[in-house]
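My notebook is open, and I am jotting down what I looked up and how each term was set. Here is the model I worked from.

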Amino acid sequence: MIPIADLLEIAAITGGTGLVIAAAGLALMWVIRDRSVGAMLAVVAAVTVAATLGGVVATTFKMLINPHDRSVVLTVVAVGGMVGFGVALLLARRVVADSRRLLKAVQIVPMFGQFTPPEGRMPTELATISKALEEAHESLREARERERALDASRRELVAWVSHDLRTPLAGLRAMAEALEDGIIDDPATVQRYYGQIRLEAGRLTQMVDDLFELSRINAGALSLSRHRIGLDDLVADTLAGVEALARAKGVRLHGASQGMLPVEVDSGEVGRALRNLVVNAIRHTPADGSVSVQAGVVDGMACVSVSDACGGIPEDDLPRVFEVAFRGSAARTPGPDGGAGLGLAIARGIVEAHMGAIGVCNTGPGCRFMIRLPLSV
Ligand SMILES: Nc1ncnc2c1ncn2[C@@H]1O[C@H](COP(=O)(O)OP(=O)(O)O)[C@@H](O)[C@H]1O
Ligand SMILES: [Mg+2]
């Protein structure tokens, strides 16, 4: 049995030698703090081996064991240390190789536009970095895709503006010039020109207003001032607002609501979306036809549907009616009461900004547009 005092002495000698070597190792680590993980792992292994060897050498000298025993002990410790050092180097090589694979996967991203994580297993930290890189790349890709879509719609809008605003402006100009030069002097025609100019100016104002709304929607700058209201009230208000239009066209309007439908919306914006649907329905329904607006709850959502007697929208057009500047007929020039093809795009933008959904299907004598909005609890 070794006396306690000897044990304490051995601990003190080994600890002291270890501390000196550890301090040297830490200093070396600080010097190489921006070098490879491999070099750092090698230092860690070297410090471990050196601290053990140092402790053993100091202790064997102190304990006065004979040279033969000392050689045996030193050889055992030295070989053990070498094995440990070798394993540490192998580990270091693996970590370095894995980090190089990850680096390579990142470096080829610009070439292929795609981040493919390195195959095979990796230490947890590197695997986490790889996963985070993959997610970051995915969200960047989605952002780029959105940007591209937005850019395309902006370009389309500019092309649209240059065509559809110029045409009526040219007409206005021609009429104003004819009036100014006195080419037109027959009072009835003059009166007709004035009426036409007022109509065109009104339509242009509406278009500019719609364009402005659409650009705010596209830029995500639609600031909604939401209030809790009854969707049934909004439907009633909208119907009251389009009654004159329906009467002038000879179209019957029906409205029905399944009780109070509480929603938290910007009533101005949702009212605008709803009005766009109802005005479309009236425009596309022949005289003596009827348009019906129903509000209720479907699948836990507040729902308004606008059904008309337009004779159905061609199946090919159904998915496209909500696109900016889509107008059904091939002609790009708006007809006498035709809009600019922005109404449904605006309606969709407004409904989606409220976390709702809008859709269309053909039913009965025409089609049915449907708006769904979350119920307010
Ligand atoms: N109620 C409807 N019935 C039939 N077709 C419709 C109806 N609403 C919209 N459409 C079709 O969708 C197109 C786009 O509508 P919209 O965006 O409101 O533009 P606009 O009314 O200015 O033409 C219309 O030109 C028309 O072809
Ligand atoms: Mg319209």
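Predicted model: local features only at pLDDT ≥ 70, side-chain atom pairs only at ≥ 80, totals over all residues.

Entry 1: Residues are numbered from 1 along each chain as its sequence is written, chains are lettered from A and ligands numbered from 1 in the order in which they are written, and side-chain values use heavy atoms, with hydrogens and water left out.

Phenylalanine 112 sits in helix H4, residues 109-112. Helices here are DSSP runs of H or I with at least four residues, strands are runs of E with at least two, and both are numbered from the N terminus.

**Entry 2: the ligand.** Which residues are closest to ligand 1? Asn280, Asp308, Ala340, Gly341 and Leu344 are the closest of the 19 residues that surround ligand 1; a residue is near if one of its heavy atoms lies within 4 Å.

Next I noted polar contacts (pairs of N or O atoms within 3.5 Å; within protein, one must be able to donate a hydrogen and the other to accept it, and residues adjacent in sequence count only if both atoms are side-chain atoms). The side chain of asparagine 280 places an N or O atom 2.7 Å from an oxygen atom of ligand 1. Alanine 340 uses a backbone N or O atom, at 2.9 Å from a ligand 1 oxygen. Leucine 344 also has a polar backbone atom 2.8 Å from an oxygen atom of ligand 1.

On its own, ligand 1 has 530 Å² of accessible area, and the protein covers 91% of that; areas come from the Shrake-Rupley method with a 1.4 Å probe. Helix H9 (267-284), helix H10 (343-353) and strand S7 (366-374) are the elements giving two or more residues to the shell. H9 gives the most, with four residues.

**Entry 3: salt bridges.** I searched for a side-chain nitrogen of Lys or Arg within 4 Å of a carboxyl oxygen of Asp or Glu. How many salt bridges does the whole structure hold? The search finds 17.

- Arginine 148 and glutamate 145 pair at 3.9 Å, N to O. Both lie in helix H5 (residues 124-164), three residues apart, about one turn. Arginine 148 is exposed at 52%, and glutamate 145 is partly exposed at 43%.
- Glutamate 177 and arginine 173 pair with their closest N and O atoms 3.4 Å apart. Because they are four residues apart in helix H6 (residues 166-181), about one helical turn separates them.
- Arginine 272 and aspartate 209 pair at 3.3 Å between the closest N and O atoms. Arginine 272 lies in helix H9 and aspartate 209 in helix H7 (residues 187-218), so this pair ties together parts 63 residues apart in sequence. Arginine 272 is buried at 13%, while aspartate 209 is partly exposed at 36%.

Conventions. Buried < 20%, exposed > 50% of the residue type's maximum accessible area, 1.4 Å probe, protein only.
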